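Dear colleague,

I am handing over to you the structure shown below. My findings follow it.

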Amino acid sequence: WRGAEPLSPGMAQQGSGAMLASGGLGFPPQNLARVVVWEWLNEHGRWRPYSAAVCHHIENVLKEDARGSVVLGQVDVQLAPYVIDLQSMHQFRQDTGTMRPVRRNFYDPSSAPGKGIVWEWENDNSSWTPYDMDICITIQNAYEKQHPWLDLSSLGFCYLIYFSSMSQMNRQTQRKRRLRRRMDLAYPLTMGSIPKSQSWPVGTSTGTPCSCPQCLLVNSTRAASNAILASQRRKLYPGAVRQSSTFAGAALWPAGTGTAAVAGATTKGEGLRVPSGAFPTGQSVPGGVPLPGLNNLNRPGTQRGAGLGARATVPPGVPALPVKNLNGTGPVHPALAGMTGILMCAAGLPVCLTRAPKPILHPPPVSKSDIKPVPGVNGICRKTKKKHLKKSKTPEDVVRRYIQKVKNPPDEDCTICMERLVTSSGYEGVLSHRGIKPELVGKLGKCGHMYHLLCLLAMYNNGNKDGSLQCPTCKAIYGEKTGTQPPGKMEFHLIPHSLPGYTDSKTIRIVYDIPTGIQGPEHPNPGKKFTARGFPRHCYLPDNEKGRKVLKLLIVAWDRRLIFTIGTSNTTGESDTVVWNEIHHKTEFGSNLTGHGYPDPNYLDNVLAELLAQGVSEATLKD
């Protein structure tokens, strides 16, 4: 998202901010004040802002040591696993080993971050998620100019923002979420340029690699990781030639030393080829700095002494933070643990490697003879195909079926177009249908909420066109709601194992399988490919009366294409992918470390309520 992109009508023009290349420290023009926002890059190319408090903390550490490490847990306990290495401009997560680029970005002091204004939307867990900074600034600009609504489609999102109701609506599904504007700490201000000595990664301006102990250790650990991975790949794929490209920069060791050879020497982005066993335990690098051997990973004293002799003692008042090593026997784990130790040592912190508990996602192996049908449930498999639109009823017929005309509407907002009900619909001139005038108002039969007929027609045409309507205010469903789930298969059967909390019952296992494909006309981007990550997905229910009832209703929801949809993943941020559709499932069999497992005494009641919200109730089973 960039401020220079054209905005839709009704949008305030976003102020342009200096955009900085990742991997380096940016700085504002000379003698020009700018708000500093530190951001991290997710796996799909979106820069996510840290909070103002975290940015102040990073700036304070930066002033003291431009090559230091920032322990984010010292200012936000929820970020306890994360450390930022200012030397390499990367965020490191201790418990998973994930590394992400970070950057130091600048915005105008009069923009939202300079005033401490944060815009957030309510997620499925009823907690609040901040918008990306460019979106936040755009929303605030429109809010200050008193625009009634804001269209985010030009920024790549099919959402409308309504300021009067403080809501965000998906243009495709008509689903609304609450949003809020809150005041927080203003982001830090900076003025003028940053001295060259504080630019990083060190050596990038001259092409000369840094030879400080920390850089040598970090880079050697990366190389050791590559060597271990290469060795493992040769075992798994004999004869296959694979090359790692995780190291960017100049060679630390000249070719011919028997340690490592760099193709392309100082060209950024080219890979370091490391032979198997390149770094034996205790081997030294130029400058006399010994490399930490893999056998020393559980010896924090050895690591600290080898990496930072001048920091052999921990400064008083610095907390001892445990570093959790990854479970399992994968070859990359020791190298990641070693890198964690290096980053923590750079901050002068003691390192204590422990093992994190591992979720039990699947039951013990089950033979085919032990798999049985679920009592009282017909069949063991359901398949869905491509949607066939019903042509029997026109959109006008569907809308007229569920509403009653209102001759004298009240003077209040239509929550679809945000115009007053006593005036014409906001879709006047956009939609025109015979017999439906823009000033006509209708009342939905069950709930009594009132809207312009033209607005209801626009909402229906933007949705699934399945002959049903859903009230955008109270979510009451009129007709039989169907979804946009892509084609796939649902299997269900009984296995002879018990879930935690249900020791007297066997377990119902549900297996969903959806392949990748092309989006249809009911999807966000018709004709575009969609991905299907993590399939087949295994889910679990207790084999008791309520568990079997939930299964029967899930089968109905599957047949109505309500279990999954195509959208943007809340977990990864990936768009055009298959995601869950507001009906929660338990995917963790023997534990509840992720929140998606057992024991959970309220789960069955909660999922029944979620099914009811989709129009799938016990009355459905009696039809």
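Arg382 is partly exposed, because its relative accessible area is 30%, which lies between the limits of 20% for buried and 50% for exposed. Please bear in mind that this is a predicted model.

Arg382 is joined by a salt bridge to Asp559, with 3.1 Å between the closest N and O atoms. This pair connects distant parts of the chain, as Asp559 belongs to helix α9 and Arg382 to strand β20 (residues 381-384), 177 residues apart. Asp559 likewise counts as partly exposed, at 37% relative accessibility.

Helix α9 covers residues 545-559; its 15 residues should span 21 Å at 1.5 Å a residue, and the distance of 22 Å between its end C-alpha atoms agrees with this. Several residues of α9 are buried, among them Val550, Leu554 and Trp558. Just after the helix, Arg561 adopts a positive phi of about 65 degrees.

In total, the structure contains 25 salt bridges. Two further pairs may be of interest to you.

- Lys115 and Glu144 form a salt bridge, their closest N and O atoms being 2.7 Å apart. Here helix α2 (residues 112-115) is linked to helix α3 (residues 133-144). Lys115 is partly exposed at 36% relative accessibility, and Glu144 is partly exposed at 40%.
- Lys528 and Asp576 meet in a salt bridge of 2.9 Å, N to O. The two residues are 48 residues apart, each in a loop between two strands. Lys528 is partly exposed at 42%, whereas Asp576 is buried at 8%.

Finally, a network of salt bridges links Glu120, Arg180, Arg182 and Asp184.

Yours sincerely

Notes. Residues are numbered from 1 along each chain as its sequence is written. This is a predicted model: local features need pLDDT of at least 70, side-chain atom pairs count only at pLDDT 80 or more; totals for chains, interfaces and linings use all residues. Side-chain values use heavy atoms; hydrogens and water are left out. Helices (H or I, at least four residues) and strands (E, at least two) are DSSP runs, numbered from the N terminus. The expected span of a helix is 1.5 Å times one less than its number of residues. Buried means under 20% relative accessible area, exposed over 50%, partly exposed in between (1.4 Å probe, protein chains only). A salt bridge is a side-chain nitrogen of Lys or Arg within 4 Å of a carboxyl oxygen of Asp or Glu.
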